[in-house]
Amino acid sequence: MTDINKTIQKWHASFKKGTDFDSWGQLVEAIDEYQILARHLQKEVQSTANSSELSEDQKKTIGKIATCLELRSTALQTTQSHEEFKLEDVKTLEPILKNILSYNKDFPFDVQPVPIRKILAPGEEENLEFEEEEEGGAGAGTPDLFTTRVPGTLLPRLPSEPGMALLTIKIEKIGLKDAGQCIDPYVTVSIKDTNGVDLTPVQDTPVATRKEDTYVHFAVDVEIQKHIEKLPKGAAIFFEFKHYKPKKKFTSTKCFAFMEMDEIKAGEIVIELYKKPTDFKRKKLHLLTKKPLYLHLHQTLHKE
């Protein structure tokens, strides 16, 4: 079996897993599986001609399937309705993905592949050359509203369990000296154990709502995808601030922050920012700045 056939087989297994979760009503798991597969497909679309065994037309179809998976994922996260992009719609894509090497019909949905932007796995951007932070340009003056909106990958709150607490973290704002220069900024939220291994699905916020002075404002709720009592000792919640670099055409991590288990308590909390690369093991930490600029959060605990 060739490499591309093995890859397609893996894609199909992931696709089947996602639609199974979806049909069983396990929405959190379905969203997670759809988003993982969409990222894999988008990565294939963005690979160079020499490193890919797919034609440009096949890549375009793969990109459209990724868009459909994102649409279904977004539909599952809306409280109003799941009818925007139905499970039945997703299932019509299965034979197309499975037989991508021989598929030559029109795509069944009027969608476009996600615009080409280099998608990096967590930590991958740290292997690229660092870019010197630009001085000045703190973004003072008129508040700068973002005209584009990115839906993000936030997940709904888990069902409550007796005697167990769930945590909602509102990301209020982040203080940066060059806040006004950040393009399409968002925050990736993850929970890691002491070895840096993910304990819950990774979530991305939508693009920030506005930039003003030395702050990027989010005002967005993130639902932690595990009951607090089930988090192991030494776990931490990480917040990676990311932004788009048009010159290099990729999204990069600018800085990160984290919150340890003993800091989980209802109310406001302000946490320090650290220089990249993100150190999930928390061994070599270097403050981003000596200036009083922080990540501002608000925690809400839900307990029955």
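Where does D178 lie? D178 lies in the loop between strand 2 and strand 3; helices (H or I, at least four residues) and strands (E, at least two) are DSSP runs, numbered from the N terminus. This is a predicted model, in which local features need pLDDT of at least 70, side-chain atom pairs count only at pLDDT 80 or more, and totals for chains, interfaces and linings use all residues. Residues are numbered from 1 along each chain as its sequence is written, and side-chain values use heavy atoms, leaving out hydrogens and water.

**Confidence**
- The protein chain has an average pLDDT of 83, and 84% of the residues score at least 70; pLDDT is the predictor's confidence in each residue, from 0 to 100.
- Contact means heavy atoms within 4.5 Å.
- Where pLDDT is low, predicted coordinates should not be read in detail.

- D178 is buried, at 5% relative accessibility. Buried means under 20% relative accessible area, exposed over 50%, and partly exposed in between (1.4 Å probe, protein chains only).
- Y103 sits in the loop between helix 5 (94-98) and strand 1.
- Leaving aside neighbours within four places in sequence, Y103 contacts T61, I96 and P108.
- Y103 and T61 are 42 residues apart along the chain, and their C-alpha atoms are separated by 9.1 Å.

**Cysteines**
- The whole structure holds 0 disulfides, a disulfide being a pair of cysteine sulfur atoms within 2.5 Å.
- C182 is in no disulfide; its nearest cysteine sulfur, that of C255, is 8.3 Å away.
- C182 is buried at 2% relative accessibility.
- C68 is buried too, with a relative accessible area of 0%.

**Cavities**
- There are 2 cavities of 30 Å³ or more. A cavity is a set of points on a 1 Å grid over the protein atoms alone where a 1.4 Å probe fits but cannot get out; lining residues have an atom within 4 Å of a point.
- The second largest cavity has about 30 Å³ of space, a volume being the space filled by probe spheres set on the points, which are joined across faces, edges and corners.
- Its lining includes V189, T200 and Q225.
- Strand 3 (residues 183-192) gives the most to this lining, with 3 residues.

Definitions and conventions
On a 1 Å grid over the protein atoms alone, a cavity is a set of points where a 1.4 Å probe fits but cannot get out, and a pocket is an open set with protein on both sides within 12 Å along at least five of seven lines; lining residues have an atom within 4 Å of a point.
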